Amino acid sequence: MKKREMKLSMVIKVVMLVIALLIPLLHLKNYIMRILITAGIYMVLGMSLNLVMGIGGMVSLGQAVFYGIGAYTAALITLKFGWSLWAVVLATIVISALSGFLLSIPMGRGTGRYVAIITLGYCEIVNLILINWESLTRGPAGLMNIPRPTFFGYPLRSSSSYYYFVLACVLIVYTAIGWMLNSKLGRNLKAMKEDSVAAEAMGINIFRQKMIVFTISGAVGGIAGLLYAFNIGYIDPTNFTNVESLAVVSIVTVGGLGNMFGTIIAAFGLTVIPELLRGFSEYRQVIYGTVLLVIVLLDHSIPGTRLKRYLGEQMDRVKGRFRRKSAPMERNGKYDSIIGS
Amino acid sequence: MTALLEVSNLQIAFGGLVAVQDLSFSLRKGEVTSLIGPNGAGKTTVINLLTGFYLPDQGKVTLNGQDITGFPADRYAKIGLARTFQNVRLFSEMTVLDNILVGMQHLIPYGVLQSFFPNPAKRRGEKDALRQAKRILDRVGLIDLCAEKAGNLPYGLQRKLEIGRALASNPSILLLDEPAAGMDPQETHELGEFVRSLLKDVDAILMIEHDMKIVMRISDQIVVINYGKLISMGPPAQVQNDPVVLEAYLGKGATKC
């Protein structure tokens, strides 16, 4: 990426962060805060799926499984043992990471549709367990009255305080994934996605990489589940079916595979758009579906590609007028240190 | 001249087709060995057997006297066997530098959890890796293109990058599958010199190549196979005049050309 683009994207991110931090000061209606919190939860869940789909290159159709396991773990531990927030967070991460690890085992070295089918089935199985293990999960009745946690003695009862908690989780997950992508693990995962044969020849154990990526994805998805459980205070198995999985797939697809920032934008857009469409009552789903279709077509169809190329050319022409000379290829810091020294 | 890698009685069949049959040869320290043979002779299959992509039905491969037969493919990079592919297989959406860094990934010491946050082990590991990558990029002449996407490089440079990526894993043996494929005579000539010069970096090289000029010029030993069987082996001058080889390439009754 070129330096100028990097700077621009940095500026955009900082501006967005500042806006996000200031929103609670506007004292918006509880309804709007609730939508924003939901968007934040989907951002975390979307990023967990994008790890598998965008970075690992495997289609997972059962991401709701980690969402559900995370939510139930957090709710049950809080209700039964009353542990503190940090202990609950830690336990949720461990349990949902473990469920991701278990999911990766039957996959072996299989890719593509096998992974899709296995994840789909896994989600169904876990959902059935949630429904039928009544002594633990109370079955279809769900778990009620899950109390909001306390953060260093400060109860996260108001929607703005919970909003900040969710925002912090989004930021931490986004930053940690960013660091990971620029490390050995990130490079190995990208290599595995691009050419698993060549990656193996470079000493990368494909099975191990898959275990790692599903374990991390499980942990992150579990955090999203925890945020969901504490947000509403009520969960039941219908919240975590494959319908939910597909909603997350569309978030990741719209945001762009492998693009975590895109996932954040898409999670926001796809949560807010249906709410804006409430006025259209029964036509809501139709409009929502059309919007989804148009976004995907713009990205993946031939006319869409042409349109984008045309717009890009026009942009370049406009930019060209403002630029005296085309700048030499600029590089980011990592490459400067190599060429410069 | 001790044998570094010893291949003995290697054999594999795909269904009824015996692709490699009772093949034995060895790679010696400081030598370039070329593996040649007509199309479909089983040359690439041999490299796939040596790097764990196929499991041999019979036979044994030893490295420095240790049995390394049938390891999983990802283990060979760690014990010092690095390969390139007949049809270049780069990580084409990644940068040239990142391709090299993937090549040396098993030499970067920090762990999975340390990838997620800044810490001294990660910083040190990445810094050392970057310095090492710079040396390799210098070696293959791609230092100025390090920020370019690998897929954007011209074909000849992609081949060089692939060799660089293999070198990055710090191998003792380099296995090159048709490094000169698709190159013009000038490029091929330069590549020959380059491959020979790689003996400064690695202990031994096994090269599959169709271009006889470079094979004859840079090899210390040539192994000729046909229909998966060894038909001739020895220094270039000897193999060149072997009637069995001429027959395999040109048909019966051919004389030296």
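Visitor: How far apart are the centres of domain 1 and domain 2 of chain B?

Guide: The centres of domain 1 of chain B and domain 2 of chain B, taken over C-alpha atoms, are separated by 27 Å. This is a predicted model, where local features need pLDDT of at least 70, side-chain atom pairs count only at pLDDT 80 or more, and totals for chains, interfaces and linings use all residues. Residues are numbered from 1 along each chain as its sequence is written, while chains are lettered from A and ligands numbered from 1 in the order in which they are written.

Visitor: Which residues belong to each domain of chain B?

Guide: Domain 1 of chain B covers 1-80 + 171-257, and domain 2 of chain B covers 91-169. Those bounds come from an automatic or database domain assignment.

Visitor: And how many residues of the two domains are in contact?

Guide: Ten residues of domain 1 of chain B are in contact with eight of domain 2 of chain B; contact requires C-beta atoms, placed from the backbone, to lie within 7 Å. On the domain 1 side, helix 2 (73-79) and strand 7 (173-177) of chain B each give two or more residues. Helices (H or I, at least four residues) and strands (E, at least two) are DSSP runs numbered from the N terminus. That domain 1 side divides into six nonpolar, one polar and three charged residues. Here Ala, Val, Leu, Ile, Met, Phe, Trp, Tyr, Cys and Pro count as nonpolar, Asp, Glu, Lys and Arg as charged, and the others, Gly among them, as polar.

Visitor: Switching topic: what is the strand order in the open sheet of chain B?

Guide: The six strands of chain B run 6-7-8-3-9-10, with mixed pairing; a pair needs at least two bridges found by DSSP. Strand 6 (81-83) and strand 10 (229-234) of chain B are the edges, each pairing on one side only. From one strand to the next, the twist averages 20 degrees.

Visitor: In which sense do strand 3 and strand 9 of chain B pair?

Guide: Strand 3 (residues 31-36) and strand 9 (residues 221-226) of chain B pair in the parallel sense, over four bridges.

Visitor: Over to chain A. At what angle do helix 2 and helix 10 cross?

Guide: Helix 2 (residues 30-55) and helix 10 (residues 206-232) of chain A cross at roughly 170 degrees, and their axes come within 9 Å. Axes are lines fitted to C-alpha atoms, for helices over the stretch in contact, and angles run from 0 to 180 degrees between N-to-C directions. Helix 2 and helix 10 of chain A are therefore roughly antiparallel to each other (over 145 degrees; under 35 counts as roughly parallel, 65 to 115 as roughly perpendicular and the rest as oblique). Their contact has 17 nonpolar, four polar and no charged residues.

Visitor: What about helix 2 and helix 7 of chain A, how do they cross?

Guide: Helix 2 and helix 7 of chain A cross at roughly 20 degrees, with axes that come within 10 Å. That makes helix 2 of chain A roughly parallel to helix 7 of chain A.

Visitor: Is that crossing left-handed or right-handed?

Guide: The crossing of helix 2 and helix 7 of chain A is left-handed, with the near helix turned anticlockwise from the far one by less than a right angle (clockwise would be right-handed).

Visitor: Last one: how many residues of chain A are in contact with chain B?

Guide: 27 residues of chain A are in contact with 35 residues of chain B. Helix 8 of chain A gives the largest share of the chain A side, eight residues.
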